[in-house]
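Work through the exercises below with the sequence and the structure side by side. Try each task before reading its solution.

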Amino acid sequence: MSKYLTIDELNIDNQDLLVQTLLHDVLFQGRLGLPGLEVESHDVAVHLYGIQDKLRPETAEVIVRRQFVGGAANDIGFKRQASGNFAPIISEFDDGYSKYGEAWRDQLSQRYGERKYAQDMYENGFQLDSKELQQDGTTAMTFSRMGGI
Amino acid sequence: MAETVKVLIDKKGNAAVVLDGFHGSTGCSALAAKLAQNGRVVDEQNKPEFYETVEAEQTIAQG
């Protein structure tokens with residue numbers, strides 16, 4: 001049974017946007033928009049399950065069940081921390097063999113940031129004019145609005 | 001006249017608000033400061049230039 005790793009919290013604090021980012025913007029089983037992908041969102045953290053349906057002591061508010069993670073996988077969870085940010089709960093097996101390691105978590109954080117800022121700017125009256133990935137891996141998003149503030 | 005704001009987001013999800021021709025009024029400055037302090041800017045050792053950029057922009061915005 002693969003143990004769950006202790007992973008630093010991510011720069012993610014909005015549960016709904018986290019769910020949307022998981023659903024649409026990151027790879028599961030090597031695919032964007034995996035058919036039938038479901039992401040659970042709970043007000044109160046619930047238990048994760050590991051391989052062979054074994055109940056694990058770890059709990060999380062946001063969960064991707066193991067059938068969507070991959071073969072022989074464990075559930076992936078996101079647990080809200082005291083800071084308000086979410087920390088991922090990912091098994092050692094999935095962190096390595098199933099490709100949900102640091103690069104995957106970085107992609108999640110960056111895509112979440114794009115969604116978060118697009119929403120923030122929209123709420124301030126701005127529209128998104130362009131979005132591009134720069135050579136250093138940074139996303140550059142340009143917003144504009146007409147008239148004075 | 002259109003007001004333009006560029007937002008940079010690094011791979012850890014840290015953001016920097018880069019303002020371009022956007023410092024014209026008190027209202028602009030307030031919004032700039034709000035965006036830059038929106039909980040999305042972190043003093044990240046990985047990307048200190050982000051923090052420095054926003055610090056500089058906040059100085060402009062508040063100046």
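**Exercise 1. State how many helices and strands chain A has, and in what order they come.**

Solution. Start from the assignment: helices (H or I, at least four residues) and strands (E, at least two) are DSSP runs, numbered from the N terminus. Counted in this way, chain A has 4 helices and 8 strands, and from the N terminus on they follow one another as α-β-β-β-β-α-β-β-α-α-β-β. Next comes the outline of the chain, whose C-alpha atoms fill a box of roughly 60 × 30 × 30 Å along the principal axes. Before going on, note that this is a predicted model, in which local features need pLDDT of at least 70 and side-chain atom pairs count only at pLDDT 80 or more, while totals for chains, interfaces and linings use all residues. Residues are numbered from 1 along each chain as its sequence is written, and chains are lettered from A and ligands numbered from 1 in the order in which they are written.

**Exercise 2. Describe the open sheet of chain A, strand by strand.**

Solution. Two strands pair if DSSP finds at least two bridges between them. By that rule, 4 strands of chain A form an open sheet in the order 3-4-5-6, with antiparallel pairing. Its edges are strand 3 (40-50) and strand 6 (86-89) of chain A, each of which pairs on one side only. From one strand to the next, the twist averages 45°.

Now look at one pair: strand 5 (residues 76-80) of chain A is joined to strand 6 of chain A by 4 bridges. Within strand 6 of chain A, F86(A) stands opposite R80(A), and A87(A) is the bridge partner of K79(A). The hairpin of these two strands has 5 residues between them, and there G84(A) takes a positive phi near 100°.

Finally, place the helix: helix 1 (residues 15-24) of chain A lies across strand 3, strand 4 (54-64), strand 5 and strand 6 of chain A, and runs at about 100° to strand 4 of chain A. For such angles, axes are lines fitted to C-alpha atoms, for helices over the stretch in contact, and angles run from 0 to 180 degrees between N-to-C directions.

**Exercise 3. Find which residues of the largest nonpolar core touch the most other members.**

Solution. A residue is buried if 20 or more other C-beta atoms lie within 10 Å of its own, exposed if 12 or fewer, and partly exposed in between, with C-beta atoms placed from the backbone. A nonpolar core is a set of buried Ala, Val, Leu, Ile, Met, Phe, Trp, Tyr and Cys residues joined through C-beta atoms within 7 Å. The largest such core has 22 residues, of which L18(A), A60(A), V62(A), V64(A), I76(A), F86(A) and I89(A) touch the most other members. Helix 1, strand 4, strand 5, strand 6 and helix 4 (102-123) of chain A each give two or more residues to this core, and strand 4 of chain A gives the most, with 4 residues.

Apart from this core lies another, of 12 residues, among them M141(A), V7(B), L8(B) and A16(B).

**Exercise 4. Is Q29(A) buried, partly exposed or exposed, and how does Q52(A) count?**

Solution. Q29(A) is found in the loop between strand 1 (27-28) and strand 2 (31-32) of chain A, and its phi is positive, about 55°, although it is not a glycine. Because 14 other C-beta atoms lie within 10 Å, Q29(A) is partly exposed. Q52(A) lies in the loop between strand 3 and strand 4 of chain A, and its phi is also positive, near 65°. With 7 C-beta neighbours inside 10 Å, Q52(A) counts as exposed.

**Exercise 5. Decide where in chain B confidence is lowest and where it is highest.**

Solution. The scale is pLDDT, the predictor's confidence in each residue, from 0 to 100. Chain B has a mean pLDDT of 55, and 24% of its residues reach 70 or more. Confidence in chain B is lowest in helix 2 (residues 48-62) of chain B, at a mean of 48, and highest in strand 1 (residues 2-9) of chain B, at 78. Where pLDDT is low, the predicted coordinates should not be read in detail.

How values were computed: Two residues are in contact if their C-beta atoms, placed from the backbone, lie within 7 Å.
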